[in-house]
Number of protein chains: 2
Amino acid sequence: MTVRAQQALQTAEAVLYDALVSPEVLELAPETSLKIETGKRGGQLSMSQVEINRLMLSLARRGLKVVRLKGGDPSVFGRSGEETAFLAGHGVAFEVIPGVTAASAAAAQFGFPLTHRQQAHRVILATARTQNGAVSLDSGAALADPQATLALYMGRDSLAEVSAVLIAAGRDGATPALAVERAGYDHARRVCSDLKGIAEAVHVAGFSGPVVVIVGSVAGFAQAAV
Amino acid sequence: MTVRAQQALQTAEAVLYDALVSPEVLELAPETSLKIETGKRGGQLSMSQVEINRLMLSLARRGLKVVRLKGGDPSVFGRSGEETAFLAGHGVAFEVIPGVTAASAAAAQFGFPLTHRQQAHRVILATARTQNGAVSLDSGAALADPQATLALYMGRDSLAEVSAVLIAAGRDGATPALAVERAGYDHARRVCSDLKGIAEAVHVAGFSGPVVVIVGSVAGFAQAAV
């Protein structure tokens with residue numbers, strides 16, 4: 001985590017935190033601070049975005065210093081746009097503290113780059129699903145760019161479907177692929193395979209936490225050790 | 001910067017740092033540590049990658065704890081793949097500490113998200129130039145994905161050319177665009193325009209530091225204030 005995030009937590013009066021935030025991180029906040037879990041893993045027992053927004057606003061209007069705590073970088077699949085638009089619309093002052101996104105964390109932990117001068121000219125950060133459901137073939141074409149490293153967030157459960165779409169869109173099934181469970185956290189795990197085999201490898205490994213999947217030649221650099 | 005990066009610096013015996021690392025960051029390293037600048041801005045007075053690799057190796061073999069310090073995230077256009085492959089090939093133990101990449105830093109500083117549920121399903125991190133020269137029309141098609149936010153690193157000098165390639169590849173010239181100079185640093189600046197106007201806007205603003213350019217509807221969220 002960043003030094004600025006640590007400082008914000010140490011002076012927080014209320015912390016609204018997502019599932020998967022480590023207990024050690026929460027302990028940085030003062031004992032006297034109000035600590036509110038906004039969601040359980042899996043999503044069934046979670047506050048809605050509307051409830052989170054209203055609660056942030058209500059606490060801020062009581063004059064409390066509120067920290068909205070998320071893993072990774074809030075601007076990447078973290079709904080920071082919705083939360084900051086809501087706060088700005090209600091005249092609440094805020095600061096966004098950036099974080100290390102899961103693809104960067106996975107790369108550092110398992111010793112591979114996301115770009116490489118000879119092999120990977122760009123990186124695509126995507127989710128396995130969009131708001132309206134599964135990846136379409138149209139998206140498949142955009143994601144199948146052979147010169148890009150593809151980092152798929154929230155990719156665990158629909159990985160077989162997404163791999164098939166990517167291969168149908170022209171990405172080689174033999175492209176190296178890597179899945180990392182709990183990137184950036186202690187006890188992160190990884191499995192290596194190729195695009196056509198990665199869904200099965202993740203299934204066999206029994207990953208149950210959040211998974212980021214890296215597709216591209218850079219995945220071939222991955223090391224066993226953290 | 002991250003807490004782990006701070007801790008590594010505080011115990012470093014030698015620091016090899018890139019141009020643009022702030023003096024305050026360097027001061028975290030012990031006064032007794034060897035501080036070696038590997039490059040000046042602009043690139044003319046810089047060590048070559050081979051020289052940097054050899055120096056890292058030589059210092060590490062003398063038993064020193066060496067920190068190779070870069071801005072942003074080393075796995076994204078930071079040559080971490082080349083440097084770690086070199087170290088691994090010579091049997092030198094290393095750890096990669098991830099960082100906040102420039103696109104995330106820019107988003108936090110200027111209040112826009114990189115993804116948005118309705119408007120931006122994915123993010124492409126790219127450079128304005130590839131190893132072999134300018135962006136080709138082939139790359140243009142991959143970068144022109146209308147459902148993606150495009151973050152162009154090192155985009156300042158070839159921005160007019162890249163904008164033209166993107167528009168020729170089908171991206172709407174009226175797409176919001178934003179350029180941020182020195183993302184993540186104090187005194188970061190931004191100019192807002194659209195894809196067809198962003199190169200001129202950057203020119204008029206006289207940006208001289210490193211620039212990340214954001215193309216996509218999310219750029220329309222950007223705030224004036226840091």
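The report below describes the contact between the chains of this predicted model.

## Extent of the contact

Chain A brings 45 residues to the contact, and chain B likewise brings 45 residues. Putting the two chains together buries about 3,800 Å² between chain A and chain B, and carbon and sulfur atoms give 56% of that area.

## Polar contacts and salt bridges

Across the interface of chain A and chain B there are 14 residue pairs in polar contact, counted where both residues have pLDDT 80 or more. Two salt bridges are also found across this interface. One of them joins the side chains of Glu82(A) and Arg117(B), with a distance of 2.7 Å from N to O.

## The side of chain A that touches chain B

Several elements of chain A give two or more residues to the side that touches chain B, namely α1 (3-10), α4 (80-89), α5 (102-110), β4 (122-127) and α6 (137-143). The largest share of this side comes from β4(A), which gives six residues. Sorted by class, the side of chain A that touches chain B holds 21 nonpolar residues, 17 polar residues and seven charged residues.

## Strands paired between the chains

Notes:
Residues are numbered from 1 along each chain as its sequence is written. Chains are lettered from A and ligands numbered from 1 in the order in which they are written. This is a predicted model: local features need pLDDT of at least 70, side-chain atom pairs count only at pLDDT 80 or more; totals for chains, interfaces and linings use all residues. Side-chain values use heavy atoms; hydrogens and water are left out. Contact means heavy atoms within 4.5 Å. Buried area is the accessible area (1.4 Å probe) that two parts lose on being put together, summed over both. A salt bridge is a side-chain nitrogen of Lys or Arg within 4 Å of a carboxyl oxygen of Asp or Glu. A polar contact is a pair of N or O atoms within 3.5 Å; within protein, one must be able to donate a hydrogen and the other to accept it, and residues adjacent in sequence count only if both atoms are side-chain atoms. Helices (H or I, at least four residues) and strands (E, at least two) are DSSP runs, numbered from the N terminus. Ala, Val, Leu, Ile, Met, Phe, Trp, Tyr, Cys and Pro count as nonpolar, Asp, Glu, Lys and Arg as charged, and the others, Gly among them, as polar.
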